[in-house]
Amino acid sequence: MKEIKVKNNRLISFSRKSDLEKAERVRKLIQEVVNDEHFRNEILNADFKDRRFVDENNNTTDINDNEIILQKIISGKEQYTGEKEDFEWDLRVTLYRSLTSEIGHRSRETIFTKKKKFRNMSERYIASHWIHEYMHVIGFTHDYKRTNIRPYSIPYLVGTIASNTLETKDYDFLT
């Protein structure tokens with residue numbers, strides 16, 4: 001299957017050298033996991049209960065075929081950028097300060113991560129968060145209130161699958 005490249009395309013408010021170094025380790029983790037055969041097989045076999053996809057024209061459809069979900073994940077086609085399918089994840093991440101309890105969110109093509117959480121959480125946790133948010137960047141959505149199906153939406157379940165995959169492997173570039 002097609003190999004995905006992951007790029008830290010735009011990093012904003014990464015004010016410390018250690019922030020940039022951590023972002024690079026997170027990028028490597030994401031690239032490792034999305035190219036992992038076990039991760040891809042888990043996507044193909046996942047029991048997604050919320051399969052909503054929002055296209056560039058803001059039309060919402062359900063994708064009932066996990067193979068199509070995997071193809072969209074692999075495609076690297078970010079919404080709102082005008083880019084075509086290029087099998088490259090272009091991560092656009094901004095660190096920010098906030099008093100809310102969330103780790104972060106997404107606005108259009110940008111992933112926002114709380115600076116304090118970024119600095120205090122493990123690379124594996126941040127990688128899972130960025131993968132979850134990237135699912136939104138490519139068009140997948142979920143309920144924003146806590147519901148029974150939210151953990152089984154594509155962004156949440158893909159993030160969980162990524163987290164489980166990351167926990168099963170040792171990566172020599174992690175500190």
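These are my notebook entries on a predicted model of one protein chain.

**Entry 1: the overall fold**

I began with the secondary structure, and I counted six helices and six strands in the protein chain. Reading along the sequence, I wrote down the pattern β-α-α-β-β-α-β-β-β-α-α-α. I then looked up the radius of gyration, which is 15 Å and close to the 16 Å that the globule rule gives for 175 residues, so the chain is as compact as a globular protein of that length. For the extent of the C-alpha trace along its principal axes, I noted about 45 × 35 × 35 Å.

**Entry 2: burial, contacts and surface**

How much of the chain counts as buried? I found that 47% of the 175 residues do. When I turned to contacts with a separation of 6 or more, I saw that residues 24 or more positions apart account for 61% of them. The chain exposes about 9300 Å², and I noted that carbon and sulfur atoms supply 45% of this area. For the charges, I listed 31 positive and 29 negative side chains, with the centres of the two sets lying 7 Å apart.

**Entry 3: the nonpolar core**

I next asked which residues have the most contacts inside the largest nonpolar core. This core has 43 residues, and the ones I was looking for are I30, W89, W130 and M135. The elements that give two or more residues to the core are α1 (17-34), α2 (37-45), α3 (66-75), β4 (88-96), α5 (123-137) and α6 (154-167). Of these I marked α5, which gives the most, with seven residues. I kept a general remark beside this: in soluble globular proteins, nonpolar side chains tend to be buried together.

Are they buried or exposed? V33 has 0% relative accessibility and counts as buried, and V34, at 1%, also counts as buried because the cut-off is under 20% relative accessible area.

V33 is in contact with F39, I131, A162, T165 and L166, while V34 is in contact with I4, V6, F39, R40 and W89. I also noted two distances, taken C-alpha to C-alpha. V33 and D170 are 137 residues apart in sequence and 12 Å apart in space, whereas V34 and W89, 55 residues apart along the chain, are separated by 10.0 Å.

**Entry 4: two loop residues with positive phi**

I looked for backbone angles that needed a remark, and I kept in mind that most residues other than glycine have a negative phi. S13 has a positive phi of about 70° although it is not a glycine, and I placed this residue in the loop between β1 (5-12) and α1. At 35% relative accessibility, S13 counts as partly exposed.

R108 is a further case, with a phi near 55°, a positive value in a residue other than glycine. I found R108 in the loop between β5 (104-107) and β6 (110-114), and at 47% relative accessibility it counts as partly exposed.

**Entry 5: the loops on either side of α5**

Where is M121 found? I located M121 in the loop between α4 (115-120) and α5. Its relative accessible area is 25%, so M121 is partly exposed. Not counting residues up to four places away in sequence, M121 touches K22 and I126. I also recorded that the C-alpha atoms of M121 and I103, 18 residues apart along the chain, are separated by 9.6 Å.

R146 is found in the loop between α5 and α6. I read a relative accessible area of 77% for R146, which means that this residue is exposed, the cut-off being over 50%.

Conventions: Residues are numbered from 1 along each chain as its sequence is written. This is a predicted model: local features need pLDDT of at least 70, side-chain atom pairs count only at pLDDT 80 or more; totals for chains, interfaces and linings use all residues. Side-chain values use heavy atoms; hydrogens and water are left out. Helices (H or I, at least four residues) and strands (E, at least two) are DSSP runs, numbered from the N terminus. The radius of gyration is taken over C-alpha atoms; the globule rule is 2.2 Å times the number of residues to the power 0.38. Buried means under 20% relative accessible area, exposed over 50%, partly exposed in between (1.4 Å probe, protein chains only). Contact means heavy atoms within 4.5 Å. Accessible areas come from the Shrake-Rupley method with a 1.4 Å probe; for residues, only the protein chains shown count as cover. Lys and Arg count as positive and Asp and Glu as negative; His and the chain ends are not counted. The place of a charge is taken as NZ of Lys, CZ of Arg, CG of Asp or CD of Glu. A nonpolar core is a set of buried Ala, Val, Leu, Ile, Met, Phe, Trp, Tyr and Cys residues joined through side-chain atoms within 4.5 Å.
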